[in-house]
2 protein chains.
Amino acid sequence: MTYNSQAKSLKGEVIKMLEHLGEFERTSYCGEVSASDIGKKVKLAGWVDTTRDHGGVVFTDLRDRTGKIQIVFSPEISEELVEKAKKLKDEYVVAIEGEVRRRPSGTENPKLKTGEVEVYAEKLKILNKSLPLPFPVDDDVKVGEDIRLKYRFLDLRRKKMMDNIIFRHKLYQITRNVFNEEGFIEIETPFLTKSTPEGARDFLVPSRIYPGKFYALPQSPQLFKQILMVAGFDRYYQIARCFRDEDLRADRQPEFTQVDFEMSFVREKDVMNIAEKVLRRLYKELLGIEIGEIPVMSYDEAMSRFGTDRPDTRFGLELKEITDIAEKCSFKVFRMVTENGGIVKAINFKGGATLSRKEIDDLTKFVGIYGAKGLAWIKVTDKGLQSPIVKFFTEGEINEILKRLEAEVGDILFFVADKPDVVNAALSNLRLKLGKMADLIDDSKINVLWIVDFPMFEWNEDENRWEALHHPFTSPKEEDVEKLLEDPGKVRARAYDMVLNGVEVGGGSIRIYREDIQEKVFKVIGLSDEEAKERFGFLLEALKYGAPPHGGMAFGLDRLCAIMRGEESIRDVIAFPKTQRGQCLLTGAPDTVRPEQLEELHIEITKEEEE
Amino acid sequence: MTYNSQAKSLKGEVIKMLEHLGEFERTSYCGEVSASDIGKKVKLAGWVDTTRDHGGVVFTDLRDRTGKIQIVFSPEISEELVEKAKKLKDEYVVAIEGEVRRRPSGTENPKLKTGEVEVYAEKLKILNKSLPLPFPVDDDVKVGEDIRLKYRFLDLRRKKMMDNIIFRHKLYQITRNVFNEEGFIEIETPFLTKSTPEGARDFLVPSRIYPGKFYALPQSPQLFKQILMVAGFDRYYQIARCFRDEDLRADRQPEFTQVDFEMSFVREKDVMNIAEKVLRRLYKELLGIEIGEIPVMSYDEAMSRFGTDRPDTRFGLELKEITDIAEKCSFKVFRMVTENGGIVKAINFKGGATLSRKEIDDLTKFVGIYGAKGLAWIKVTDKGLQSPIVKFFTEGEINEILKRLEAEVGDILFFVADKPDVVNAALSNLRLKLGKMADLIDDSKINVLWIVDFPMFEWNEDENRWEALHHPFTSPKEEDVEKLLEDPGKVRARAYDMVLNGVEVGGGSIRIYREDIQEKVFKVIGLSDEEAKERFGFLLEALKYGAPPHGGMAFGLDRLCAIMRGEESIRDVIAFPKTQRGQCLLTGAPDTVRPEQLEELHIEITKEEEE
């Protein structure tokens, strides 16, 4: 998409009206003028937020990044000035000079921080013009996000957006303060680096000097920060941009920001301790919230109770396994699943017996998204159980199910039977949906949780090989090292994830620092010695020359900032985000380039987009 | 070049020797143990810097990022411990526990910060091994830079390199402190952006989602920071990575770091004032140096006196123009040049009359690098003038030359006649060379200078068009706006460069904020309306909706850091730099990628490097 300019301009007369800034020296920001300034002369500059002629007196709200203040152009000061002020339109850029006065009694604006005062203008400079805006600079903007992104320079003028970006600025500073106080060294790592395809897809950058070769943009500074530990920096941090060329599901961005750190001579608790310090300070200093003790939960427990490794524990609706009952019952669907290694889990939606057939059908469709082939249910009513499946169970089995799920009159129980990942995916998402439906989630609560004891590997069905659940530089638990080659599925990782309100906001691990163990892990994930050397040779090499025990973590800064600001989308806390399809609607990137540019890079295009 | 692993490993017995970190809790950094700790138990971790068995007692220097301390393994404590300590080799990673004691009188090491004390080890854990190093971890390293870059994890262990990186860390923090105190907002701008070929060559990133389209890596955040001003952020800063795919002359990197800032409602002096604050604070806090008044020199004066817009004014040897004499003299070479619009300038190398013919020949070759076709000279000796050219001048002319150059017995005068840029390039570089030869430059002096009043455009002979000297968003001086279309060569820019010891470390300008003026400047540099819209449409659009007067600047952080650390090369202040040919010798980037990766990006290679 090439940039579609409006071809509208304001010229001629309006241009002639414009003045230079000249010697004008601003004395205050608009939002900071207060009653203590009454009687003082001030010089202000900013944007015309609104302006109206009220019986020959012009009242203009002047806005800058700190807020608004009312300017009065009165014939009492100068007729000429009033005539000039009448020419002002929304979003014109002006500089004014005047006296701060108390507003007449009864005309104060309590909604405005500066609402007690107004400035009687004595001078006015019109510095720049503005076309009528495509949407008003207003917090409850009604236009679609595409228009907002295209006119990002206007969208960012809205108070909410400006406050988001200023909040983010403060978040950077507080984060760095914590790391600096804790003896961390900020170090920049490269952006033009080597493609090591493992994990997400790389963005590539063709080299002009080396025909046929490419740099890759970093998915994270992972290997460089480990190298920095080998170099002896002991404690490193960086607020780093990272890149993943993934299909942009939900709320992802092709470039995102990570608070990245690494430490030497540490165990899990040392790293988690630093992460907690950062999070506590951010909540305390930015929102005035004290975060209490942060519980630690094992991966197995999280999967068992919530069906996910990032549970939102602000509400119940926990999953209960009934596989043991299901495998003995006469309900064929459950029996077949359990005979094939599947499981059956259930949740009790308290008070849900009132759900209609239509509502249950909708929930069945919903769990279908996660691969569940059905959603069995039992309503517990004062007239007994209502359910299409209850007839397949003995009374003893039913009683055991009701007991295990703590079912009472008025409840509805939902069951999913399938392979474990399908059951967990379906029920964990159903749990969230029901939690929202029944308004069980207290949004004022901050729910932070550590998940630990992850499995080291998971089996990749498609590629018929083991895959690292985190990444292949994660250390196995010391007691599991012996099992690495014999029984990879049983090896637990020294990894930890931080979950905030059901969202993974950070994760990390103690890393492998011994060459022999790193080589074994590469072997488990199916890399030949040659492939391992080709891709990660420099890491293996570094591990030969005195690598210290080390570990670290990374926070997703965009996500953390969005959660703290109560924003649904990370795009609202990024100054210039891309769309879900990776476009920058402001600049029109990505775009076509000149043929000479490609020629110099020794590449050609094999397929062009249809316009 | 694929990574050339050594295929050397330490396995078997050595691996068995290794222990886990376990519950070990470091209590101090090595370099921070002092006499005040005498009698205390400490736990330290780090690298074996050196180790020696001295009559059954093992003395080991343990090193971490803070420094070194002597550890004593004595049979007085434990025979077993001594036996274990005898297995230590250089760069092994260990944790020790022991008691701090005062060194016996006469054995103190005044070269070591911790030289008064030593630690009597009671426990030793060998955490990791090391192969013998390819070069010692030593400040005066004797190996070539390629080896240092390949083993960067070892190179960075050297005290000088580690101190450089820690210095750079402090430089970041102080810089941000100044901006934060001055009310600037730190904002991140995108890395995946639009190619706007004007200025340097872009690095491109093929889009997978939009076949045939490309992102470009930013050459600077220029347009985004201007957009942020239009959005009303008022004061923005960022320590930003920038990318230029240029032929890497001298000491350039394809990715480099810039301290970038922009302000609204300002003039030149406001921006320069902030830049000075940053520089003063850095020198004060990092080096304890007070920078005095910073002089301001016009571009014309700098070119006239020094032949360059980044003069090192710590020494004299100024250029004097003698075109007026040359155009009347009978020396054909000078006459021809002046008749073709060329100029003649000269410098007086005080005391240089002793230069040999060979030395003068070498200098002639040297100025040839800059395009000078010859280097005329006159020696002033007590036996009169010696010169091949003096015979072409009248006595009056010679006297005027000698007077203008303040020539005395013992001096040598050098002359270059050519087009102005050749003369200035040749003589400004000759001036630097002679200044170094005669040791005229006081390295202890900090020489800071502002250069202002640059021309707005320069004529590009090859492309037969005007080109922006800085960039096309630089504002012309208000009084020169009228000349924009009629006489672009006469228009001066509202630009300013900061020169530190003869190196341009920063530059910026007041920007164009009016759509009509921006359109005119695009016209001068030969962009059609359509091209301007295609490339910079979003900027032109933003200027229509209330853009405030604004300006800003950027510092080259790598260069500034190198100068402050007294490093010749910026590579020594970058953790992971690239070679002059853009390679990362540590990781082997750029490298070949898998054919599937290119297929997904809809590109193919047209030329492969010959191995």
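Mentor: Buried area is the accessible area, taken with a 1.4 Å probe, that two parts lose on being put together, summed over both. The model shown here is a predicted one. In these terms, chain B and chain A bury about 14,100 Å² between them, and 56% of that area lies on carbon and sulfur atoms. On the side of chain B, the residues that lose the most area to chain A are B:Glu188, B:Phe265 and B:Tyr545; together they account for 6% of what that side buries. Counted by residue, the contact draws 153 residues from chain B and 153 residues from chain A.

Side chains of opposite charge can pair when their charged atoms come close. Between chain B and chain A the count is 22 salt bridges, whereas a search of the whole structure, over all chains, finds 141. One of the bridges joins B:Arg241 to A:Glu188, with the closest N and O atoms 3.0 Å apart. With both residues at pLDDT 80 or more, 84 residue pairs are in polar contact between chain B and chain A. Helix α5 of chain B, residues 159–181, supplies the largest share of the side that touches chain A, namely 9 residues. By class, that side of chain B holds 73 nonpolar, 31 polar and 49 charged residues.

Helix α5 of chain A, which also spans residues 159–181, contains both A:Asp163 and A:Lys159. These two residues are 4 residues apart, about one turn of the helix, and they form a salt bridge whose closest N and O atoms are 2.8 Å apart.

The backbones of the two chains pair as well. Strand β23 of chain A and strand β23 of chain B, each covering residues 603–605, run antiparallel to one another and are joined over 3 bridges. Within this pairing, A:Glu604 has B:Glu604 as its bridge partner.

For A:Phe265, the backbone angle phi is near 60°, a positive value in a residue other than glycine. A:Phe265 sits in the loop that lies between β10 (255–264) and α7 (268–287) of chain A.

The surrounding architecture gives this contact its setting. Chain A is divided into domain 1 (13–128), domain 2 (160–292 + 555–598), domain 3 (315–437) and domain 4 (448–550). The centres of domain 1 and domain 4 of chain A, taken over C-alpha atoms, are separated by 62 Å. In chain B, 8 strands form an open sheet of mixed pairing, in the order β6-β9-β10-β22-β21-β20-β17-β11. Its edge strands are β6 (185–186) and β11 (296–298), each of which pairs on one side only. Inside the sheet, strand β17 (residues 448–452) and strand β20 (residues 495–500) of chain B run antiparallel and are joined by 5 bridges; there B:Ile451 stands opposite B:Asp497.

In chain A, the bond from A:Ala589 to A:Pro590 is cis, with omega near -5°, and A:Pro590 lies in the loop between α16 (557–565) and α17 (595–600). In chain B, the bond from B:Ala589 to B:Pro590 is cis, with omega near -5°; B:Pro590 is found in the loop between α16 (557–565) and α17 (595–600) of that chain.

Technical notes: Residues are numbered from 1 along each chain as its sequence is written. Chains are lettered from A and ligands numbered from 1 in the order in which they are written. This is a predicted model: local features need pLDDT of at least 70, side-chain atom pairs count only at pLDDT 80 or more; totals for chains, interfaces and linings use all residues. Side-chain values use heavy atoms; hydrogens and water are left out. Contact means heavy atoms within 4.5 Å. A salt bridge is a side-chain nitrogen of Lys or Arg within 4 Å of a carboxyl oxygen of Asp or Glu. A polar contact is a pair of N or O atoms within 3.5 Å; within protein, one must be able to donate a hydrogen and the other to accept it, and residues adjacent in sequence count only if both atoms are side-chain atoms. Ala, Val, Leu, Ile, Met, Phe, Trp, Tyr, Cys and Pro count as nonpolar, Asp, Glu, Lys and Arg as charged, and the others, Gly among them, as polar. Two strands pair if DSSP finds at least two bridges between them. Domain bounds come from an automatic or database domain assignment.
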